[in-house]
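Trainee: I have a structure open and I am new to it. Can you walk me through how to read it?

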Amino acid sequence: PTLADGFGMVISEAMAMGIPVLTTTASAGPDIIKHEEDGLLIPSNDIEALKSMIEWCMNNKEQLHLMGTKAIEKAKIYPWSAYRKSLSD
(Lines give C-alpha, C1' and ligand atoms only; values in the text may rest on other atoms or scores of the structure.)
Protein backbone atom coordinates (compact mmCIF):
# COMPACT_ATOMS: atom_id res chain seq x y z
CA PRO A 1 0.00 0.00 0.00
CA THR A 2 2.25 2.71 -1.32
CA LEU A 3 2.18 6.31 -0.13
CA ALA A 4 3.72 7.56 -3.39
CA ASP A 5 5.07 5.69 -6.37
CA GLY A 6 5.72 6.17 -10.05
CA PHE A 7 4.78 3.65 -12.69
CA GLY A 8 6.12 0.54 -11.04
CA MET A 9 5.92 -2.46 -13.35
CA VAL A 10 5.16 -4.65 -10.35
CA ILE A 11 1.46 -3.84 -10.76
CA SER A 12 1.24 -4.89 -14.41
CA GLU A 13 3.51 -7.88 -13.79
CA ALA A 14 1.21 -9.15 -11.03
CA MET A 15 -1.82 -8.52 -13.22
CA ALA A 16 -0.18 -10.49 -16.05
CA MET A 17 -0.10 -13.47 -13.69
CA GLY A 18 -3.81 -13.14 -12.94
CA ILE A 19 -3.40 -11.45 -9.60
CA PRO A 20 -5.91 -8.68 -8.95
CA VAL A 21 -3.79 -5.98 -7.37
CA LEU A 22 -4.81 -4.00 -4.30
CA THR A 23 -2.94 -0.71 -4.30
CA THR A 24 -3.42 2.93 -3.47
CA THR A 25 -4.44 5.88 -5.58
CA ALA A 26 -0.91 7.27 -4.99
CA SER A 27 0.61 4.75 -7.38
CA ALA A 28 0.35 3.78 -11.04
CA GLY A 29 -2.75 1.85 -10.03
CA PRO A 30 -5.28 4.40 -11.26
CA ASP A 31 -3.50 4.46 -14.64
CA ILE A 32 -4.02 0.71 -15.09
CA ILE A 33 -6.68 -0.56 -12.70
CA LYS A 34 -10.40 -0.10 -13.03
CA HIS A 35 -11.55 -0.37 -9.41
CA GLU A 36 -13.51 -3.55 -8.64
CA GLU A 37 -13.20 -4.73 -12.25
CA ASP A 38 -9.57 -5.84 -12.66
CA GLY A 39 -8.10 -4.71 -9.34
CA LEU A 40 -8.73 -2.65 -6.24
CA LEU A 41 -7.80 0.92 -5.33
CA ILE A 42 -7.83 2.58 -1.93
CA PRO A 43 -6.70 6.00 -0.70
CA SER A 44 -3.11 6.08 0.51
CA ASN A 45 -2.42 6.14 4.24
CA ASP A 46 -5.95 4.95 5.03
CA ILE A 47 -5.57 2.02 7.39
CA GLU A 48 -9.32 1.46 7.69
CA ALA A 49 -9.72 1.31 3.90
CA LEU A 50 -6.87 -1.21 3.70
CA LYS A 51 -8.37 -3.31 6.47
CA SER A 52 -11.81 -3.19 4.89
CA MET A 53 -10.51 -4.14 1.43
CA ILE A 54 -8.47 -7.05 2.79
CA GLU A 55 -11.58 -8.31 4.59
CA TRP A 56 -13.55 -7.89 1.35
CA CYS A 57 -10.94 -9.97 -0.47
CA MET A 58 -11.15 -12.73 2.12
CA ASN A 59 -14.93 -12.88 1.71
CA ASN A 60 -15.15 -12.56 -2.08
CA LYS A 61 -12.76 -15.11 -3.54
CA GLU A 62 -14.96 -15.84 -6.56
CA GLN A 63 -15.04 -12.16 -7.51
CA LEU A 64 -11.26 -11.99 -7.04
CA HIS A 65 -10.89 -14.88 -9.47
CA LEU A 66 -12.96 -12.99 -12.06
CA MET A 67 -10.91 -9.84 -11.43
CA GLY A 68 -7.75 -11.86 -11.98
CA THR A 69 -8.99 -13.05 -15.37
CA LYS A 70 -9.73 -9.45 -16.37
CA ALA A 71 -6.36 -8.35 -14.96
CA ILE A 72 -4.56 -10.69 -17.38
CA GLU A 73 -6.29 -9.04 -20.32
CA LYS A 74 -5.56 -5.55 -19.02
CA ALA A 75 -1.87 -6.38 -18.46
CA LYS A 76 -1.48 -7.32 -22.13
CA ILE A 77 -1.88 -3.61 -22.91
CA TYR A 78 1.08 -2.70 -20.66
CA PRO A 79 4.09 -4.85 -21.62
CA TRP A 80 7.67 -3.66 -21.01
CA SER A 81 7.87 -2.36 -24.60
CA ALA A 82 4.89 -0.05 -23.99
CA TYR A 83 6.47 1.14 -20.75
CA ARG A 84 9.79 1.93 -22.49
CA LYS A 85 7.98 3.80 -25.27
CA SER A 86 5.93 5.79 -22.78
CA LEU A 87 9.07 6.63 -20.81
CA SER A 88 10.98 7.78 -23.88
CA ASP A 89 8.03 9.86 -25.12
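Trainee: How many helices and strands are there in the protein chain?

Mentor: Start with the elements. This predicted model has five helices and two strands in the protein chain.

Trainee: What pattern does the protein chain follow along the sequence?

Mentor: Read it in order: α-β-α-β-α-α-α.

Trainee: Where is confidence lowest, and where is it highest?

Mentor: Check the chain average, then the elements. The protein chain averages a pLDDT of 89, and 89% of the residues score at least 70. Helix 5, residues 80–88, has the lowest confidence, with a mean of 71. Helix 3, residues 47–59, has the highest, at 97.

Trainee: What share of the residues counts as buried?

Mentor: Of the 89 residues in the protein chain, 35% count as buried. The chain exposes about 5700 Å². Carbon and sulfur atoms supply 58% of that area.

Trainee: Which residues of helix 1 are buried?

Mentor: Go through residues 9–16 of helix 1. The buried ones are Met9, Ile11, Ser12, Ala14 and Met15. Then look at what follows helix 1: Gly18, with a positive phi near 85 degrees.

Trainee: Which residues other than glycine have a positive phi?

Mentor: Take two cases. Glu36 has a positive phi of about 65 degrees, although it is not a glycine. Glu36 sits in the loop between helix 2 and strand 2. Asn45 has a positive phi near 60 degrees, and it is not a glycine either. Asn45 belongs to the loop between strand 2 and helix 3.

Trainee: Now charges. How many salt bridges are there?

Mentor: The general idea first. Side chains of opposite charge can pair when their charged atoms come close. The count here comes to three salt bridges.

Trainee: Which residue forms a salt bridge with Asp38?

Mentor: Lys74 does, with the closest N and O atoms 2.7 Å apart. This pair links distant parts of the chain, 36 residues apart. Asp38 is in the loop between helix 2 (29–32) and strand 2 (39–42). Lys74 is in helix 4, residues 61–75. Both Asp38 and Lys74 are buried.

Trainee: Which residue meets Lys34 in a salt bridge?

Mentor: Glu37, at 3.5 Å from N to O. Now compare with the accessibility cut-offs. Lys34 has a relative accessible area of 49%, so it is partly exposed. Glu37 is partly exposed as well, at 31%.

Trainee: And what is the distance between Glu73 and Lys76?

Mentor: Their side chains meet in a salt bridge at 3.2 Å, N to O. Glu73 is partly exposed, with a relative accessible area of 47%. Lys76 is exposed, at 55%.

Trainee: Why does Asn60 count as buried?

Mentor: Apply the cut-off again. Buried means under 20% relative accessible area. Asn60 has 19%, so it counts as buried.

Trainee: One last point. What share of contacts joins residues at least 24 apart?

Mentor: Consider contacts in the protein chain between residues at least 6 apart in sequence. Of these, 42% join residues at least 24 apart.

How values were computed
Residues numbered from 1 in each chain as written. Predicted model: local features only at pLDDT ≥ 70, side-chain atom pairs only at ≥ 80, totals over all residues. Heavy atoms only, no water. pLDDT = per-residue confidence, 0-100. Helix = DSSP H or I, 4+ residues; strand = E, 2+ residues; numbered from the N terminus. Salt bridge = Lys/Arg side-chain N within 4 Å of Asp/Glu carboxyl O. Buried < 20%, exposed > 50% of the residue type's maximum accessible area, 1.4 Å probe, protein only. Contact = heavy atoms within 4.5 Å. Areas by Shrake-Rupley, 256 points an atom, 1.4 Å probe, with all protein chains shown as cover.
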